[in-house]
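Please keep the sequence and the structure in view while reading.

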Amino acid sequence: MLEMINKLRRKRYSFSTKLILILVAANLIISGITGLITYRVHQSLFNEELSRQHTMHNQQVLARLDSRVKDMYRITDYITLNPMVKQLISGLEENSSSYDRLMLEKELEKQLRQVRFDAPEIEAIRIYDLKNNMLNLGSFTGSFQQLQPSFLTETINMLEGTSGEYIWRRIGEDQFQDNANKNWVLAARLMRSEDLVTYGVMLILFRTSLFETYMKDLRQQGDTIGYLYDSNGDLLYMSTGSGQQPNVQIPSIDGLISQIVKEGGRSYLYTKQVSDQVQFSLVSRASLKEVQHRSKLILQVAIISALASMVFSWLIITIVSKRLLSPLKKLVHAMTRVRSGKFDTRVEIRSRDELGFIGDRFNQMTEQIDTLIREVYQRELSEKEAELKAIQARLNPHFMYNTLGMFFWKFYVLGDEKSAQLVNSLSEMLQYSLEPPSRFTTLRDELKQINHYLSIQQARYNDVLTTEIDVPDELLDNQIIRFLIQPIVENVFVHAFRDKKNDRYLVIRGRCEVNSSTEQSFLSLTIQDNGCGMEIETIERILYSAPHWTSTEKERDRIGLSSVIRRIELMHGKSYGIEISSKLGTGTLVKLRLPLECEQPLMDEREGNLVDRKADSG
């Protein structure tokens, strides 16, 4: 099978065959999806309708059952609140004799004779007073003897903390003695008088006919099981057609309202309602076998329709494609000739449709292809030549750096240490400039180059220039953009000191400051001079007219003052930048706001994209 599939993959099919296969497959997929959607929609609607019907029927069953259980509450209230019953029970002495209890039981039977007629579901009643006396009422007084004493004691203990409300207990097989198994349900409550004084405990055995009489109506809807829970969520009764408790998994009613559950490969619909008065919960479990059977019929019809559509589509597309795709075959044949180098190939155009348009463009392409080949060849030669010139241009700075090194050692050997130092400063500045400005450096290295530059200017201006650099040691390892300070210092000598002959003063300071709005620390670098100063218009033109980088500027590594502003914005965001304050005839102060970074960001030098190891400072 796998070998056959591999052969089909390696085999080359014509366009018409592929078109037929694609259209047929598309039709099959659409039909399949449509059938599946129809199947799902039908199933969902039917499930919703079935759930609605079950919910309404269960509500009716539960309402009647709720009313009957409430009648049982009223009947037992009649017993408990009856003054004569209280008087008779309270009159017993502690640990009374069997005869006294028997006489009292007969007297109570007279008082409660009407209860036997109003509540035939009651199997037996047992009363415990507060003096360790036990009374049995009803025709089947021995019914309680069939139950385990520990079960009865546990039930009585559960009444502790109650105030007269019922405690319902389901009686399992293990609660009977001598393998007896009756369809009974046990209820218990405290006996309290009208003045809320507890004078005994009442246990009532109910026949399950109390529930079965009403829950049997659930079986009218087919394969349905009913589960009845008390107000605490404990199972009281399960209803099946046989009247026996079924051997099925008991569902949890926590959060259950109406849902479909799969059990043993079959789907069942569970619905839950809660009674208004006694707060019993009725959960019904209905099989969805019939629903699934009907839905499968719809799915089968959809599959058959899809297969029939596939066959008819194959026949129709095969006939039509032979006529419509004939020009395409001729075009493919012509392209094969061009591929072999025969550029004089032309396609005969017989139609004005899309294929005719493609044929016309193909003819134009064959006429131009030779010209295009020559142009591409010449362009490649030009690119190679430009690359060689770029390599040659990068060699010149290295030659200058090596030449300055030779001059340094020549001056050093001749004993001219001052000239040698100047040449060394110029040499290190040239070496520093060979690195692209896009790379990051430390504040220490940047200030080192500034010192070289200032030493050269100091030699030029002698005693008329005073410089000062004041930066704490803990800030020297901070990462900054390369060539960020030098353009500002150069502008001082080019512009600020242009007309100033004496007392030239330049100071560079670095501090760690805190942004008052964001409470975030940043590096503050100030460059202050006592030059000619600037007008407000000039400052605004510098700050708000910073040029955007172009590819040509990037290749030249332009580092003017405007480019400094632009680089800070690109690298660190608009939260950082430059502030300029100046006064004509007094001087200028340039303040750089930079992030505190001791870890170097990553820069893709080819693309110029910043990849910071930290979060964006902006």
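The model is predicted.

An open sheet is built from five strands, ordered β2-β1-β5-β4-β3, with antiparallel pairing. The edge positions are held by β2 (134-137) and β3 (167-170); each has a single partner strand, so one side of each is left without a neighbour in the sheet. From one strand to the next, the twist averages 20°.

Within this sheet, β1 (residues 122-129) pairs with β5 (residues 198-207) in the antiparallel sense, over seven bridges. Tyr 128 lies opposite Val 201 of β5. Helix α3 (residues 83-90) packs on the sheet, where it touches β1, β2, β4 (184-192) and β5. The direction of α3 makes about 110° with that of β5.

Strand β10 (residues 281-287) has two antiparallel partners to consider: β6 (residues 224-229), joined to it by six bridges, and β9 (residues 266-274), joined by seven bridges. Ser 284 of β10 stands opposite Gly 226 and is also the bridge partner of Thr 271. Six residues lie between the strands in the hairpin of β9 and β10, and there Gln 279 takes a positive phi near 60°.

How many residues of β10 are buried? Seven of its seven residues are. Side chains in a regular strand alternate between the two faces of the sheet. In β10, Ser 281, Val 283, Arg 285 and Ser 287 point one way, while Leu 282, Ser 284 and Ala 286 point the other way, and all are buried.

Technical notes. Residues are numbered from 1 along each chain as its sequence is written. This is a predicted model: local features need pLDDT of at least 70, side-chain atom pairs count only at pLDDT 80 or more; totals for chains, interfaces and linings use all residues. Side-chain values use heavy atoms; hydrogens and water are left out. Two strands pair if DSSP finds at least two bridges between them. Helices (H or I, at least four residues) and strands (E, at least two) are DSSP runs, numbered from the N terminus. Axes are lines fitted to C-alpha atoms, for helices over the stretch in contact, and angles run from 0 to 180 degrees between N-to-C directions. Contact means heavy atoms within 4.5 Å. Buried means under 20% relative accessible area, exposed over 50%, partly exposed in between (1.4 Å probe, protein chains only).
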